[in-house]
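This briefing goes through one protein model, topic by topic. Keep the sequence and the structure in view while reading.

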Amino acid sequence: MNRFTASVILAGFLTVTACGAGGEVDLEAEKADARAAAGELGRTLKGELVGAMQSGGPVEAIEVCAVRAPEIAARVSEDTGMEVARTALRVRNASNAPDAWEREQLEHYLRLMDDGRPVSELPEIAELVDTGDGTAFRWMKPIAMGGVCATCHGKSVAEPVRAAIEARYPDDAATGFEEGDLRGAFTVSKPLGGSQ
Ligand code: HEC
């Protein structure tokens, strides 16, 4: 049994046993909400990114990304009642760094890719996790490195884009990616109630 199968079975088991404040957890409904929330974040971000690239070029787009990415994530989180964000093993913005659960899933994705699975066929992951003071629904979906992303995340980032990234993110670790790599993931979490 591989890890993914194990987590699906675990999630199924917890669906029956984990009772939040409101009783049984509808995992399929949570997954549908998570997909919708991540989709909203992804679409909005991409729209603003492409718009900024077209109107002002990549240096201006970095500024837009830096300001708008956290704002959009906060707005979608507030609208959906789920915490929605992007994360990665190598991040540009340290506040996107993964927690232990997210790191585990990202490393699992890389192992699947080492075994020959393309990034487009990596699975979404949904689990109910014991947080110590209750249960949380957690969900993740891979983000592939695409061609347009190379301007700011690729192997050779041209000046003045490189300098603009360096100025805003001195600890940037999010370059050196190639098309088809795993760039990161959308991540959603939602507390489901205490363990009374
Ligand atoms: C114009 C430059 C630019 C382009 C093009 C760009 N990004 Fe980014 N990306 C950024 C910046 C700036 C951040 C940091 C945003 C923040 O502060 O939250 C970032 C952050 C991210 C993160 C969050 C994790 C981290 O490293 O902090 C992911 C995931 C990501 N980008 C994926 C992509 C993908 C996929 C594409 C192509 C579809 C892309 N980016 C295109 C500039 C860019």
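A residue counts as buried when its relative accessible area is under 20%, as exposed when that area is over 50%, and as partly exposed in between. By that rule L112 is buried, because its relative accessible area is 15%. The model is a predicted one. Its protein chain has 196 residues, and buried residues make up 40% of them.

**Overall layout**

- The protein chain contains five helices and six strands.
- In sequence order, these elements follow the pattern α-β-β-α-β-α-β-β-α-α-β.

**Helix α3**

- Helix α3 covers residues 100–114, which is 15 residues.
- From first C-alpha to last, α3 reaches 21 Å, close to the 21 Å expected at 1.5 Å a residue.
- Which residues of α3 are buried? They are W101, E102, Q105, L106, H108, Y109 and L112.
- Viewed down the axis of α3, these buried residues fall within an arc of 155 degrees, so they line one face of the helix.
- An α-helix has 3.6 residues a turn, so residues three or four places apart point the same way.
- A100 and D114 are exposed, on the other side of α3.
- At the start of α3, a side-chain oxygen of D99 comes to within 3.2 Å of the backbone nitrogen of W101.
- G116 follows α3 and has a positive phi, near 105 degrees.

**The nonpolar core**

- In soluble globular proteins, nonpolar side chains tend to be buried together.
- In this model the largest nonpolar core has 21 residues.
- L41, V84, F137 and W139 have the most contacts inside that core.
- Four elements each supply at least two residues of this core: α2 (27–80), β4 (125–130), β5 (135–144) and β6 (182–191).
- The largest share of the core comes from α2, with 10 residues.

**Cysteines**

- A disulfide is a covalent bond between the sulfur atoms of two cysteines.
- Here a pair of cysteine sulfur atoms has to lie within 2.5 Å to be counted as a disulfide, and the count comes to zero.
- C65 is partly exposed, because its relative accessible area is 27%.
- C152 counts as buried, because its relative accessibility is 13%.

**Around the ligand**

- There are 22 residues around the ligand, and N96, C149, C152, H153 and Y169 come nearest.
- N93 has a polar side-chain atom 2.8 Å from an oxygen atom of the ligand.
- For Y169, a polar side-chain atom likewise lies 2.8 Å from an oxygen atom of the ligand.
- H153 places a polar side-chain atom 2.9 Å from a nitrogen atom of the ligand.

**The loop between α4 and α5**

- P160 lies in the loop between α4 (150–153) and α5 (161–168).
- What kind of peptide bond joins E159 and P160? The bond is cis, with omega about 0 degrees.
- V157 lies in the loop between α4 and α5 as well.
- V157 is buried, because its relative accessible area is 16%.
- V157 and T175 are 18 residues apart in sequence, and their C-alpha atoms are 7.7 Å apart in space.

**Two other buried residues**

- G57 has its place in helix α2.
- With a relative accessible area of 14%, G57 is buried.
- G57 and V161 are 104 residues apart in sequence, while the distance from C-alpha to C-alpha is 9.4 Å.
- L192 belongs to the segment after β6.
- Is L192 buried or exposed? L192 is buried, because its relative accessible area is 14%.
- In sequence L192 and V129 are 63 residues apart, and in space they are 9.8 Å apart, C-alpha to C-alpha.

Definitions and conventions:
Residues are numbered from 1 along each chain as its sequence is written. This is a predicted model: local features need pLDDT of at least 70, side-chain atom pairs count only at pLDDT 80 or more; totals for chains, interfaces and linings use all residues. Side-chain values use heavy atoms; hydrogens and water are left out. The expected span of a helix is 1.5 Å times one less than its number of residues. Buried means under 20% relative accessible area, exposed over 50%, partly exposed in between (1.4 Å probe, protein chains only). The arc is that of the directions from the helix axis to the C-beta atoms. A polar contact is a pair of N or O atoms within 3.5 Å; within protein, one must be able to donate a hydrogen and the other to accept it, and residues adjacent in sequence count only if both atoms are side-chain atoms. A residue is near a molecule or strand if one of its heavy atoms lies within 4 Å of it. A nonpolar core is a set of buried Ala, Val, Leu, Ile, Met, Phe, Trp, Tyr and Cys residues joined through side-chain atoms within 4.5 Å.
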